[in-house]
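Dear colleague,

Please read them alongside the coordinates.

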Amino acid sequence: DGRTSTDTSQDATMPDFLIEELDLSFNDIGGHGIHSPNVQLLDSARRLFEGDGTAFVPRILSLENCGIGPAFCRSIGRGFLNAFERKHNGATNPSYRPSVLRIGGNDAIGDAGTVALAASLRMAMKNDGDNTNGLVELDLSSCNVGDAGAEALALALSSNPGCLIRLDLSNNKISDAGAKALGRALVDASHSSGAVFEQIILDNNVGIGDDGAAALAEAMALGAVKIISVRSCSVQAQGSAAFGKALVSLASRKQCDESSHFHVDLSGNHFGTRKIKKKKGARYSASLIRDKASTNIKFIGKTLKGAAKRFGSETMGITADSDDDEEVMGGLIDDEEETNVDKLQACGGMSFAGEILRSALHSSSQKKEGTYSMKVSIGMRQCCLDDGAIDALSASIVGAKSCDVSVDVSMNSVEDNIVDALKSAKKDSKLLVSMAQRHMDFLDRIADARQRQLEAAAAAGARAQELGGTFFDDDDDVYDVGFDYDDFD
């Protein structure tokens, strides 16, 4: 897949070969942050990223699970800085370097190595679609990155928009603070340059909750990012609702057209109200498998089709990735025995749908029926969604006025035909329309019940005043709606 150049008269920095990918993963070459790595390796990394006439240059460089640490990151950073200095001093010839860097599974990198990379990215040249300038994609999954590293990367994104367009920080130790910094950085970059970030992945950072999700949702609301993945984090109803509100705001923007496609993956966040089931009588417990997988994953790596992303978190069991591989592994999910799960105060599926439905009810859009511009796909696999949430999501698909919404609700104990209907997102689907109508009827019944509550409370208060007393007692029946979604047909 490479091409050879033998004419160096026109371009002194042209490499002998441009190849698609160089994969050196699973080679113990970095010292694991304990021993000093080979000096020649560090020098090669520096020269490769400064475009200093190396013999060949890969578009994709993979060094996953190689034991590399901060020293290697500093060498890469020095290469970027040298390239910047050369261009600043008047160099005109293009310099070739990798545009995709995948160094996941190197936990010795940590915040120190991430900060070193981020510092160089602040002065890195923007990529213009080939591998003659800066990075397009940086993969730091399973690298022990915390909030300090995330905030350093956020500073690079905001001060040098376009230095990256794809970033993978899954399976790290980032909390709401780091996610909020990244969200603000994407907003700042959009305001200052109009830059649009393609994809940010923050899966399996269990410290990311509703606040971090809301900051990321704000960036999507401005069209500053197209794909956000926060699978198996700690997002609950408020964070889910923030994404619903963001998509409503996004759909109203004039920049969105038929080619606009946005994706949010909230899979593995247990913001539903259905109880989780676990197979009865399994020889090995979910916690045992979780502990073994968490230990072994440090050397397995993401090269095995994302295995590190699926099984590398502390929430291994049934939340690690929300994908089919997890369900198959060990047969952990079944209907024979229930595991106790705290009942959530609000359902994330209903909260998400509620924002879209509220906008649809109050929309003054003049779009003709059947014409929609923006396309949105939502991942809600393994989110403990109950029948009420499925009906609400169906209503949001049918009722959305300015966008086409599809939702993946597999692995939620939902029948296959319903899963397919929500994925296909055909607004005239009889199944979707019937579920949507059931949800709207349910909302009407809730509104009637609340009205009766208010009337009953007002009547009781008036009666108490007539009797000269007060309306403070222990009888809560007047506030009881008297039915549950599962009882409503």
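**Around Asn-144**

Asn-144 counts as partly exposed because its relative accessibility is 33%, the class lying between buried (under 20% relative accessible area) and exposed (over 50%), with a 1.4 Å probe and protein chains only. This is a predicted model, in which local features need pLDDT of at least 70 and side-chain atom pairs count only at pLDDT 80 or more, while totals for chains, interfaces and linings use all residues. Residues are numbered from 1 along each chain as its sequence is written, and side-chain values use heavy atoms, with hydrogens and water left out.

Asn-144 sits in the loop between strand E5 (137-139) and helix H4 (147-159), where helices (H or I, at least four residues) and strands (E, at least two) are DSSP runs numbered from the N terminus. Leaving aside neighbours within four places in sequence, Asn-144 is in contact (heavy atoms within 4.5 Å) with Asp-107, Gly-110, Asp-111, Asn-172 and Lys-173. The C-alpha atoms of Asn-144 and Asn-172 are separated by 5.2 Å, although these residues are 28 apart along the chain.

For the protein as a whole, the secondary structure comes to 15 helices and 13 strands, and buried residues make up 51% of the 489 residues. Of the contacts between residues at least 6 apart in sequence, 83% join residues at least 24 apart.

With kind regards
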